[in-house]
Amino acid sequence: MLTLPPLGQAFAFAALSALIAAAVIAALIPFSRHYGWLDAPDERKQHGQPTPPVGGFGVFLGILLPAFWFYGVNRETLGFLAGALPLVLVGALDDRFHLSWKIRLGVQTASALILVYGIGLRAAHVGPLFGFGDIELGWLSVPFTVFITVALINALNMFDGLDGLVGTVCAAVTVMFICAALYSGAYDVALGLFWVLGALAGFLWFNLRRPGQVQARVFLGDAGSGLLGFTLAFVIFRLTQNPGHPVSPVLGPYLLAPPIIDSITVIVHRLRRGRSPFAAGRDHAHYLMLDAGFSVSQTVAVMTALTLLSGFFGALCMLINVPAPLMVMAYIVTVFCWFWITATPERAMAY
C-alpha cells in the first residue's frame with residue numbers, strides 16, 4: 001500500500017532534479033555555441049542575440065535520471081523513456097534544421113501510441129460530461145488519447161514565445177498536479193512530479209528574466225516543449241484514468257487553461273484567415289499583451305496567475321460538486337469570449 005512520501009524526501013528529489021537539469025544545461029551552452037546550434041532573433045522573437053535551445057535536454061535528464069534511480073527499470077520508466085526520447089531528439093533536430101510538420105506530427109503520434117501500448121495508459125472515460133453518468137470511450141479510447149497527447153505537445157510548443165513563460169506556467173501546473181495527486185492518494189505520482197518541478201527550476205535558472213539576467217541564456221526549444229506536453233499527458237492519464245485514485249477528467253482543461261485556450265483560438269483565427277495553423281506569428285495572447293504595453297516579466301506573471309486561478313476555480317467547482325456539464329459549458333464560454341476578444345488586434349488592445 002502506497003503511503004505519503006516524507007516531505008523532506010520529496011524536496012530532496014526536487015533539489016537533485018534541479019541540480020541535474022542545471023548541470024546538463026550549463027555543460028551544453030558552450031557546446032551549442034561552438035557548433036552554431038542557436039535560435040537566431042527575428043522580427044517576431046523577443047531575444048536580442050542567438051540563444052542555445054538546449055533547455056529541454058536538462059529537463060529531460062532531470063526527470064528521467066531520478067525516476068530510474070528511485071523506481072528502477074520497469075514498464076513505466078522504460079515506456080516513458082521510449083515515448084519521450086524521440087520527442088526530445090526530433091525536437092532538437094527541428095530547432096536546428098526546421099523539419100517538416102509531417103515528420104514532427106508522425107513522431108508525436110508514435111510517442112502517444114507508446115503511452116497506450118507501451119505503458120498501458122489511455123483515456124478510457126471522460127467523466128459525466130453531459131450529466132448522465134461516466135462516459136466510456138470504447139473503441140474511441142486510443143484515437144482520443146493520441147489526440148489529447150499530440151494537442152498538449154503542440155499547445156505548449158505554440159505557447160513557448162517568451163523568456164520564462166512555458167517553464168513558469170508548467171511549474172504552476174505541476175504544483176497543482178501535486179496537490180491533486182496528494183488529495184487523491186496517488187503518492188507515487190506526487191513524488192514523480194517533484195522531479196518535474198525540480199527539473200523546471202533548474203531550467204528556469206537559465207531561462208527566467210531576473211536580477212543579473214536581463215534575458216534568457218537558454219531556451220526550452222521544441223525538444224523541451226514536446227517533452228513537457230508528453231509528461232503532462234502522462235500525468236493526466238495516470239491521475240484521471242486510474243480507478244483507485246479518481247480525479248475527474250473535467251479538471252484537466254482547467255489546470256492548463258491559458259495554453260489550451262490560446263492554441264485553440266489562434267488555430268481557428270489562422271484557419272479563418274486562410275493561414276496554416278502551424279505558421280509562426282504574433283497572434284498569441286502573450287504577444288498581444290506585449291503590444292498592449294506589458295513587459296515580458298509582467299506577461300509571464302499574469303499568465304502564471306491566470307493558470308493558478310483557473311486551476312483553483314476548477315478544483316473548487318469539483319469540491320463543491322458543481323455538475324460537470326456546467327463546468328464544461330463555462331470552459332466553452334471562456335474559449336468563445338477569448339476568441340471574440342482576439343478576433344482583431346484593436347479589440348484585443350482595448351481589453
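## Definitions and basis

On a 1 Å grid over the protein atoms alone, a cavity is a set of points where a 1.4 Å probe fits but cannot get out, and lining residues have an atom within 4 Å of a point. A pocket is an open set with protein on both sides within 12 Å along at least five of seven lines. Grid points are joined across faces, edges and corners, and a volume is the space filled by probe spheres set on the points.

The model is predicted: local features need pLDDT of at least 70, side-chain atom pairs count only at pLDDT 80 or more, and totals for chains, interfaces and linings use all residues. Residues are numbered from 1 along each chain as its sequence is written, and side-chain values use heavy atoms, with hydrogens and water left out.

## Cavities

Two cavities of 30 Å³ or more are present in the structure. The largest cavity holds about 110 Å³ of space. Its lining comprises 13 residues, and Leu87, Gly91, Arg104, Gln108 and Asp222 lie nearest the centre. Helices H3 (75–97), H4 (101–119), H5 (141–159) and H8 (221–240) each give two or more residues to this lining, with the largest share, four residues, coming from H3. Helices here are DSSP runs (H or I, at least four residues), numbered from the N terminus. By class, the lining of the largest cavity has five nonpolar, six polar and two charged residues; Ala, Val, Leu, Ile, Met, Phe, Trp, Tyr, Cys and Pro count as nonpolar, Asp, Glu, Lys and Arg as charged, and the others, Gly among them, as polar.

The second largest cavity has about 50 Å³ of space. Its lining residues include Phe177, Ala180, Ile236, Leu239 and Val247. H6, H8 and helix H9 (251–255) give two or more residues each. Seven residues of this lining are nonpolar, three are polar and none is charged.

## Second largest pocket

The second largest pocket contains about 620 Å³ of space. Of its 24 lining residues, Ile261, Met303, Leu306, Thr334 and Trp338 lie nearest the centre. Two or more residues come from each of H10 (257–272), H11 (285–291), H12 (296–319), H13 (324–341) and H14 (345–350). H12 gives the largest share, six residues. The lining has 21 nonpolar, two polar and one charged residues.

## Nonpolar surface patch

Tyr183, Phe312, Leu316, Leu319 and Ile320 form a nonpolar patch on the surface, with about 600 Å² of accessible area together. Such a patch joins nonpolar side chains (Val, Leu, Ile, Met, Phe, Trp, Tyr) within 5 Å, from residues with over 30% relative accessible area and no salt bridge. A salt bridge is a side-chain nitrogen of Lys or Arg within 4 Å of a carboxyl oxygen of Asp or Glu. Accessible areas come from the Shrake-Rupley method with a 1.4 Å probe; for residues, only the protein chains shown count as cover.

H12 supplies the largest share of the patch, three residues. Tyr183 lies in helix H6 (residues 165–184) and is exposed (over 50% relative accessible area), at 67%.

Technical notes: Patches are made of residues with over 30% relative accessible area and no salt bridge: like charges are joined within 9 Å, nonpolar side chains (Val, Leu, Ile, Met, Phe, Trp, Tyr) within 5 Å. Buried means under 20% relative accessible area, exposed over 50%, partly exposed in between (1.4 Å probe, protein chains only).
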